[in-house]
Amino acid sequence: MADEVTFDADYFNTLYRQDIDPWHFRTSEYERRKYAETLAALPRDRYEHIIELGSSIGELSALLGARAERLTGVDTSDVAITAARKRCAGLPHIAFEQAQLPQGEWATQADADALVISEVLYYLSSEELAVMTQRMSRLATTADIVLVHWTGDTNYPMTGDDASEQFIRAFPQRRWLTSRRTGYRMDVTCAVAA
């Protein structure tokens, strides 16, 4: 369970300043396979507006952007956001927002028809996750949702399984498809009112 670490902008900015790609998103075969699985899991071929929570340095953002008219990436770290903007330069339909989840303007963007939440929920406390699911209640009706979370040991406030299960319990009207791969789980649900 969690040590006395605060997973805020200072924590992530320090991490990204030490190594702009601390999880090897750009070079890891594991990440490449996970990105391909995430794209394959999206229920529709095209979206009007995808919101990606935990966009990091924009590697998955660039891939998701090929499936959307517009993409909004959200990340806590402004250092990561700067790298993501550089990665997605030349893709004007992709924008990034710095926000400490569960806060941020992203939850008010009612036109989003897909949410991709990858490797981020377990950084929240159970109470913060509850706030987040309350804030996104409108989106949670009209958008397809894909959750992707590491299931190995961490020092984060929640495990990938606990965070994903709490998120799913917040939306009992949805039918979820859960699958497991080596090292991570993926949970997918379609919009209730498409």
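Analyst: Strands (E, at least two residues) and helices (H or I, at least four) are DSSP runs, numbered from the N terminus. This is a predicted model, where local features need pLDDT of at least 70 and side-chain atom pairs count only at pLDDT 80 or more, while totals for chains, interfaces and linings use all residues. Residues are numbered from 1 along each chain as its sequence is written, and side-chain values use heavy atoms, leaving out hydrogens and water.

Our part is strand 7, which covers residues 184–189. Six of its six residues are buried (under 20% relative accessible area, with exposed meaning over 50% and partly exposed in between, using a 1.4 Å probe and protein chains only). In a regular strand, side chains alternate between the two faces of the sheet. Here Tyr184, Met186 and Val188 lie on one side, with Arg185, Asp187 and Thr189 on the other, and both faces are covered.

Now meet the neighbours. Strand 5 (residues 144–150) pairs with strand 7 in the antiparallel sense over six bridges, and valine 148 stands opposite methionine 186. Strand 6 (residues 177–181) also runs antiparallel to strand 7, joined by five bridges; here leucine 177 faces valine 188. Strands 6 and 7 form a hairpin with two residues between them, and glycine 183 in the turn has a positive phi of about 95°.

Side chains of opposite charge can pair when their charged atoms come close. A salt bridge here is a side-chain nitrogen of Lys or Arg within 4 Å of a carboxyl oxygen of Asp or Glu. Arginine 185 makes one with aspartate 161 (2.9 Å, N to O). Aspartate 161 belongs to helix 7 (residues 160–169) and arginine 185 to strand 7, so this contact ties together parts that are 24 residues apart in sequence. Aspartate 161 is partly exposed at 23% relative accessibility, whereas arginine 185 is buried at 0%. Through shared partners, salt bridges join Asp161, Glu165, Arg180, Arg185 and Asp187 into one network.

One last stop is strand 5, the antiparallel partner of strand 7. Aspartate 144 forms a salt bridge with arginine 44 (2.9 Å, N to O). Aspartate 144 sits in strand 5 and arginine 44 in the loop between helix 2 (29–41) and strand 1, so the pair connects parts that are 100 residues apart in sequence.

Notes. Pairing = 2+ DSSP bridges.
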